[in-house]
Amino acid sequence: MPTLIGQPTPRIDGRAKVTGRASYASDEPVANPAHAFLLTSFIARGRITGFDFAEAKAVPGVLDILTHESVGSEAKPPKQASGGPTTTTMEDDQVWHDGQIIGIVLADTYEAAREAGFRVRVHYAAETPAASFDAAGAERERRDDGEHQDYAIGDAEGALGAAEVTLQAAYATPTQHHNPIELFTTTCAWENGNLTIWEPSQFVYGLRANVAGQLGIPPERVRVISKFVGGAFGSKGGATARTAWIAVAARRLGRPVKLVATRDQGFTIATYRAETRHRIRLGATRDGRLTALVHEGTEVTSRPSRYNVSGNETTARLYACPNILTRVDIVHADRNTPGFMRAPPETPYMFALESAVDELAEKLRLDPIELRRRNDAKTDPVSGLPFAGRRLMACFDEGAARFGWADRNPRAGSMRDGEWLVGLGCASAVYETNIAACAARVSLRPNGTARVEVAGHDIGTGAYTVVAITAADRLGLDASVIDVAMGDTTLPAAPLAAGSSHTASLANAVAAACEMVRDRLARAATTRNAGPLAGRDPGTLRLVDSCLTAPDGVAEPLSDAVSRLSPGVVEAFAENIPDGAPPDAMGKLHAGTNPILRGYKRSDVAAYAFGAQFVEVRVHARTREIRVSRMLGAFAAGNIVNPIAAHSQYMGGMIWGLSAALLEKTELDDSAARYVNDNLSEYHIPVCADVRDVEVMMLPDDDDRANPLGIKGLGEIGIVGMNAAIANAVHHATGRRIRELPIRIEDLL
Amino acid sequence: MHTTMQTILRINGREARLDHDPRITLLDALRERLGLTGTKKGCDQGQCGACTVLIDGRRVLSCFSLVAAVEGEVTTIEGLSGEDGPLHPMQQAFLDRDAYQCGYCTPGQIMSAIACVTEGHAGSPDEIREYMSGNLCRCAAYPKIVEAVQQAAPHMRGETA
Ligand code: FES
Ligand code: FES
């Protein structure tokens, strides 16, 4: 049967995006809004002792200034998806971090609100803050087993002592901020006790439940609308404090309130990727078989939160090794609470592991791909379960052939092109296959068009198109006649768009609803006496090319099949609860908790996507300027729904890796515990001229043990191997092993 | 100091008479006063290019332009094509090449890309990369943006020849 799943399909929302008609949250028209400007703290630790509003209130157009003194009891802090409690904002006088929301200026215009914001005087009782790992006053603790776990398999310390070859090294990754180009915006309006929130969100049901809980109102009274999201990368997944306060402001004014937070405020009112440190110890035989793997990580978080990413839950599972030990410590500092950012666990932890594997290969005088081949795991080394497809070495082999790895002279510093030292590096990529419970409604009309409703999120991933393709495929229609509604809590509940799970979650739910439609049409067509399909087995009928069709080709036009059941539309609502997910998953979803089934927490298989990433860098012999001239990623990430958008996602992930390895770092002022480069010219991300050849290979990987449609997800895996691949290539070019990111000219002088 | 002033803007072939706060930027006027929300705010500091519009054909950062100081005909993304009509060749090229993901930087990229071609800076991929480097794309659609400019450039030159 021909299938649309896997056919290149231009995005159905493409026209809206290129004409400026795609409606992002702050684009939505609201009548006569007041404008908000956030007041944020200038200290990182201490208390607010008073405000002086005289000058600010004198600015014409100012309506009100809200602080903990006026509204502190009107909202509670949002619940975090991970890590327990978080910092507070306007609940009381406490300051937990620099840039914390401490007040909101409301005015008729943005210009007036901003001016008044700069005229507010705040008095503090400041204490000395601890900025990061080594600061006096930072508190270290071992992370408990709970959300995340440490592993102790075999006797890693003993095996290290007995190993023929050992490698020990320390690695570090910096603070990074997502910096989507869309700012953190919130618009709130009340009508008859019902609240509407327009806010870019990766989880509208989560935001709804959270804000309802914060304000103490039933979730049914809150509607969240987020039709287009201008980039998220994890930053718009959890509820942040701003939303409930803007709702409080709108209620007090009796007027819609619109907030467009500034770029620098975005660094402190939402989350970020915290800095990490790693110690890796590897033991191996002389012929390159791993005998011991120890990966210890340390991560920064805020004072009250225990948020951490524990990426050694992944690094422990990549290679066959009988003795494994992992541990994570967290360090509490006077900082905002970190959160998910593209491949949260893998990006830092795989940099460490895949750098160490490259170092071990060098020590063993083995090709780094060959070392990985000798340690390719047949089953999950932690659980012993089979993998739901593991094409890691196929990715290396096909990628290496295409990239020209065989031409690489293994000796570091040996390849040169004029003034440029050339280095080739590679690394493995891996990302867990996740899926969450999701509902969807499908309506099929007699004229052969359909509508799909699901409260999913298109954060640039092409989710609108994924939904259209899935429905078109199952209903026997063209994707262009499917109308898709998403990003609104009035639609059937959908989970958090994160963890590379959204395509699998949405597509499997939409397919389930389409199957109900097909089943109803088929039953009616076969049980009634009239019609060409009367008496057939309904299970064998398919919807193909706008017809209900039997295996022998006898077919009935869709319009006849639909009209038999209804003069209007045939509609089905399905809830898809993945096998292995808790039975109350839909209830959790409505309560705002993401009911995700993680690929490494399943009892049947270990579900992962795999990839091999290759990089060519050029380091200028004299200036040490570093350029990435070529990148290639070969991925086996399950069935691909839309190769066009998938290609863009992989490519974007790989460029994110380039960015993380060579450019991105949020610099901290250690004495003030303050982010210094909190703007887009000093927080470096790649521009067009930084990016050269990017090649993506998608290997077949069809394994329905992952989920019924065999979709593994690919939004994150593109970044995972890039940091190490670039560091390994820089080493190959120069002989210099850089173990702390980002790698900069000064590291190579 | 809370004076209001009046400016007549020419935008997408129409005139808009605006009573406004003297501090308002062209970007905020487009978005908050004129309902032209296709032009995006990504930084408000002249650093990202999301707010790029054309004034008399030249690319201008609207977050860095005060309404009171605008002279000339402003073209925004909404001015390039009608509701259902054919797309401008640059819009079509972005669509054909999937030269976006979230789409938030896209209106600014398209306006910049049009100017990149009319300035005569679309001669080679390297030149396009250089002259499109004032528009950040966090989704990192850059290689496809370069392809889109290459696709649209000959069509645009054909139109004007
Ligand atoms: S919003 Fe104008 S350059 Fe960023
Ligand atoms: S498409 Fe998302 S920022 Fe460019």
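## Helix α7 of chain A

α7(A) is mostly covered, with nine of its 12 residues buried (under 20% relative accessible area; exposed is over 50%, partly exposed in between, with a 1.4 Å probe and protein chains only). The buried ones are R242(A), T243(A), A244(A), W245(A), I246(A), A247(A), V248(A), A249(A) and A250(A). Helices here are DSSP runs of H or I with at least four residues, strands are E runs of at least two, and both are numbered from the N terminus.

How far apart are the end C-alpha atoms of α7(A)? They sit 17 Å apart, which agrees with the 16 Å that 12 residues (242–253) should span at 1.5 Å a residue; the expected span is 1.5 Å times one less than the number of residues. Just after the helix, G254(A) takes a positive phi of about 65°.

## What you're looking at

This is a predicted model, where local features need pLDDT of at least 70, side-chain atom pairs count only at pLDDT 80 or more, and totals for chains, interfaces and linings use all residues. Residues are numbered from 1 along each chain as its sequence is written, chains are lettered from A and ligands numbered from 1 in the order written, and side-chain values use heavy atoms, leaving out hydrogens and water.

## Salt bridges in chain A

Over all chains, the structure holds 78 salt bridges (a side-chain nitrogen of Lys or Arg within 4 Å of a carboxyl oxygen of Asp or Glu). One of them pairs K236(A) with E182(A) at 2.9 Å, N to O. This pair ties together distant parts of the chain, 54 residues apart: K236(A) is in the loop between β12 (222–225) and α7, and E182(A) in the loop between β9 (165–173) and β10 (185–191). Both K236(A) and E182(A) are buried.

D703(A) and R705(A) also pair up, with their closest N and O atoms 2.8 Å apart. D703(A) counts as buried because its relative accessibility is 12%, while R705(A), at 38%, is partly exposed.

## The two domains of chain B

Chain B splits into domain 1 (5–78) and domain 2 (89–156), with bounds from an automatic or database domain assignment. The contact (heavy atoms within 4.5 Å) takes 15 residues from domain 1 and 17 residues from domain 2.

Between them the domains bury about 1200 Å², 56% of it on carbon and sulfur atoms; that's the accessible area (1.4 Å probe) the two parts lose on being put together, summed over both. K40(B), R59(B) and I77(B) supply 47% of domain 1's share, more than any other three residues. There is one salt bridge between the domains. R59(B) forms a salt bridge with E119(B), their closest N and O atoms being 2.9 Å apart.
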